[in-house]
Every structure is written in C-alpha cells, then in structure tokens.
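Please look over the sequence and the structure shown here, and then read the notes that follow, which take up a pocket and a pair of helices.

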Amino acid sequence: MSKRFDSLTILAIMIFVLFSACSNQAPPEGMMKICNENGCSYQPTNTETYDSSAEFPDPDPDGRIAALEEIARQDPRAAYDLGLRFFRGDGIRKDTYLALKWMRDAAERGNFDAQKAVGRFYLTGLEEMGSDPKEAERWLSLAAERGDRESAQLLKEATEAKRSDAYYNRRINDWRQAFFGYWNGGYPYLYFWRGRRWFPY
C-alpha cells in the first residue's frame with residue numbers, strides 16, 4: 001500500500017512539475033495567454049474580450065427619472081412629461097415603449113395633452129408598433145370632445161384610415177412627418193428640474 005501511495009505521489013508531483021513548466025513558458029509570437037473559468041488558452045494579441053465585470057454608467061446618476069416616475073404615479077401631468085421625455089430621449093435612453101406606457105397612463109387619468117398624444121401615437125404607429133386607427137379614433141375623440149380643433153381633424157383622418165387602407169397608405173407619411181416634428185420639438189414639458197427636485201411649470 002505504501003509503495004502504491006509513493007507511486008501516486010511521485011506521479012502527481014511529476015504532473016505538477018510538467019504543468020508548472022508549461023505555464024511558465026512564454027506564449028508563441030503574436031499570441032497571449034487568456035485564462036478564464038474554462039481554463040487557459042493562447043489567443044492572438046489583437047483579440048478583444050468582453051469584460052462582464054466592467055461597470056456600466058448609471059443611466060440616471062442624479063435620480064431625476066426615478067424622481068419624476070414617483071411624481072408621475074400621482075400626477076398625470078408628470079406622467080405625460082415622462083412619456084414625452086422617453087419619446088424624445090431627452091436626458092434618458094429613448095424608449096418608445098415606455099413613452100407610450102406613460103402617455104397612456106396619463107391619458108387614462110384624463111390628461112388632455114396625453115389623450116391627444118396617444119391618439120397620434122396610434123394613428124401614425126411607432127417604431128415597434130404599426131398604426132391602429134381604431135384605437136387612435138378612441139383617444140382623439142376624447143381630445144376632440146374637449147374642443148381641440150387639431151384633435152377633431154386627426155379624428156377625421158383616423159376614421160377615414162379605419163375605413164380605407166388606400167387612404168391610410170396615402171396619408172401615413174404626412175402624418176408621421178408632422179407627428180415627429182410636433183413631438184420632437186413643438187410640445188413643451190410640464191415639469192422642470194431645479195436643484196435636486198422636479199417642479200411643475
């Protein structure tokens with residue numbers, strides 16, 4: 001038993017010495033040794049590796065968006081404002097899904113600007129969503145009932161688009177051009193950041 005143990009010990013020491021010698025060898029020319037949880041291998045020196053431990057910058061370092069989201073849960077004007085900021089990508093990553101989510105939330109709570117915006121969103125469609133004239137008609141009718149002429153005109157367009165694909169296809173580029181012009185620069189925000197807080201205008 002002792003001889004067998006001695007043989008295994010000697011074999012283990014030889015393997016260790018062999019691997020140690022290999023690990024201290026210089027890599028072949030133009031190569032570098034890369035080690036990870038799967039072991040070590042030689043890679044060309046121009047190889048780029050992804051460092052999953054690298055820290056990504058905080059998308060909301062001063063907490064502005066989190067603070068506006070908190071206000072938006074209580075105030076539909078802030079929800080509209082947040083939707084507009086997500087649509088424009090102003091101070092945050094542009095996200096049309098979140099833009100529609102917050103705009104619709106504000107619209108459902110009776111905010112006129114949001115009802116009109118949601119109607120426009122559904123009439124023209126968004127990047128990941130096609131047009132839905134029937135849903136546009138629903139929201140634009142709410143805004144038009146409040147006396148808004150532009151919403152009344154867009155409501156007629158939505159009704160026609162619902163009836164006729166040819167009409168919709170002919171008008172969609174005009175609507176999109178006007179829509180993006182309005183929402184990227186024409187409509188004002190309803191909240192502003194000063195110091196470390198949001199204030200309504």
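The model is a predicted one, and the points below treat its largest pocket and then the packing of helix α5 against helix α6.

**The largest pocket**

- The space in the largest pocket comes to about 180 Å³, and 15 residues line this pocket, with R64, R85, D90, G91 and W198 lying nearest its centre.
- Two or more lining residues come from each of the elements α2 (64-72) and β3 (191-194), and it is β3 that gives the most, with three residues.
- Sorted by class, the lining of the largest pocket consists of nine nonpolar, one polar and five charged residues.

**Helices α5 and α6**

- Helix α5, which covers residues 112-124, packs with helix α6, which covers residues 133-144, at an angle of about 160°, and their axes are 8 Å apart.
- Because angles over 145 degrees count as roughly antiparallel, α5 is roughly antiparallel to α6.
- The crossing that α5 and α6 make is left-handed.
- On the α5 side, the contact is made by F112, Q115, K116, V118, G119, R120, Y122 and L123, while α6 contributes P133, E135, A136, W139, L140, L142 and A143.
- Sorted by class, the contact of α5 with α6 has ten nonpolar, two polar and three charged residues.

Terms used: Residues are numbered from 1 along each chain as its sequence is written. This is a predicted model: local features need pLDDT of at least 70, side-chain atom pairs count only at pLDDT 80 or more; totals for chains, interfaces and linings use all residues. Side-chain values use heavy atoms; hydrogens and water are left out. On a 1 Å grid over the protein atoms alone, a cavity is a set of points where a 1.4 Å probe fits but cannot get out, and a pocket is an open set with protein on both sides within 12 Å along at least five of seven lines; lining residues have an atom within 4 Å of a point. Grid points are joined across faces, edges and corners, and a volume is the space filled by probe spheres set on the points. Helices (H or I, at least four residues) and strands (E, at least two) are DSSP runs, numbered from the N terminus. Ala, Val, Leu, Ile, Met, Phe, Trp, Tyr, Cys and Pro count as nonpolar, Asp, Glu, Lys and Arg as charged, and the others, Gly among them, as polar. Axes are lines fitted to C-alpha atoms, for helices over the stretch in contact, and angles run from 0 to 180 degrees between N-to-C directions. Angles under 35 degrees count as roughly parallel, over 145 as roughly antiparallel, 65 to 115 as roughly perpendicular and the rest as oblique. A crossing is left-handed if the near helix is turned anticlockwise from the far one by less than a right angle, and right-handed if clockwise. Contact means heavy atoms within 4.5 Å.
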